[in-house]
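Biologist: I'd like a close look at just one part of this one. Could you take me through a single residue and its surroundings?

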Amino acid sequence: MAAHELDLQIAEVLRNGEVKADWRVPPVADPLVRDDIAPLRGRSLPIRLYQGPRVDCVIVFFHGGGFVRGDLDSHDAQARMLCEVTGRPVVSVQYRLAPEHRFPSAYEDAVEVVRWVHEHAGTLFAGTAARIAVAGSSAGANLALGAALALASSPSAPVAQLLVCPFASGDPTLPSRAEFAEGFGLTSRAVEWFIEAYVSDPAQRQDPRFAPVLSENLGVLPPTVLFSAGLDPLRDDARVLSERLRASGVHVLASEEPTLPHGFFKYAGFSEAAKDAVVRMSTSFRDRLDDRCADAACSERELK
């Protein structure tokens, strides 16, 4: 395969300047999807609940968009897919966005909403066990990872995490920032624009709450499914994160998709390569949840 060979179906869309509708799996029936509000300290966050058939845990999902864009509607198809493939209930979160709400607002929302969902899981989804998993794409993966780190030693600690094209370091000197600076959808210039809209002080780039890969406590994280894009200015964020997680003893199932750009989730409706990646990562996450929730159930029975 030639270097930087972008999937042809996606390349055509990028040339035409269009992004078609997200791929949708057989949809969760509308009566099983509802909007709600998560009342947190001093604020309330819109959430969307997707009822899945399994009752062993709830997935809290954070959308991408560079901490600046995105909402419950823009990532509805992704949340539905997670619910459909994993069989678990999903809570999609509309966290506060920059530049109106700068760092660490989104991080604080992520930590508090995961804790809140854990405390109210049985009410949100009747009969569901109070176990949590987290998932996110791009900036959403950053928030999922940050919440998992913050809550690792608490009762709300996630049992597993799914990270897709994660923004993990914010380091502009990583080789992929130059290698894929332009021509593959997300540009390195856009990445910097998003960061500048989110952080108010350059020193915050070294804060592990912003750049979780810098945390000295990565070993506390749960088993991780990490899928990244090979043609992405954030490719090396994923590579560095995967290496550091493994060095810290975290079980990581990682895949770098060589022909796909950043945000390949949204291309799965018309790209076979993107659809294949989405199915594989969702199935891998489902399998990890099956293992982790079975282990947790056994431990609970042993304590009784």
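Does F103 count as buried or exposed, and at what relative accessibility?

Modeller: F103 counts as buried, because its relative accessibility is 6%; buried means under 20% relative accessible area, exposed over 50% and partly exposed in between, with a 1.4 Å probe and protein chains only. Bear in mind that this is a predicted model, where local features need pLDDT of at least 70, side-chain atom pairs count only at pLDDT 80 or more, and totals for chains, interfaces and linings use all residues. Numbering runs from 1 along each chain as its sequence is written, and side-chain values use heavy atoms, leaving out hydrogens and water.

Now for the rings. Phe, Tyr and Trp (its six-membered ring) pair if their centres lie within 6.5 Å, and planes under 30 degrees apart are stacked, over 60 edge-to-face, the rest tilted. That rule gives 11 aromatic pairs. One of them is F103 with Y198, edge-to-face at 5.7 Å between centres and 80° between planes. The two sit 95 residues apart: F103 in the loop between β4 (90-93) and α3, Y198 in helix α6 (residues 188-198). Helices (H or I, at least four residues) and strands (E, at least two) are DSSP runs, numbered from the N terminus.

With a relative accessible area of 1%, F210 is buried. Put together, ring pairs join F103 with F67, F167, Y198 and F210 in a cluster.
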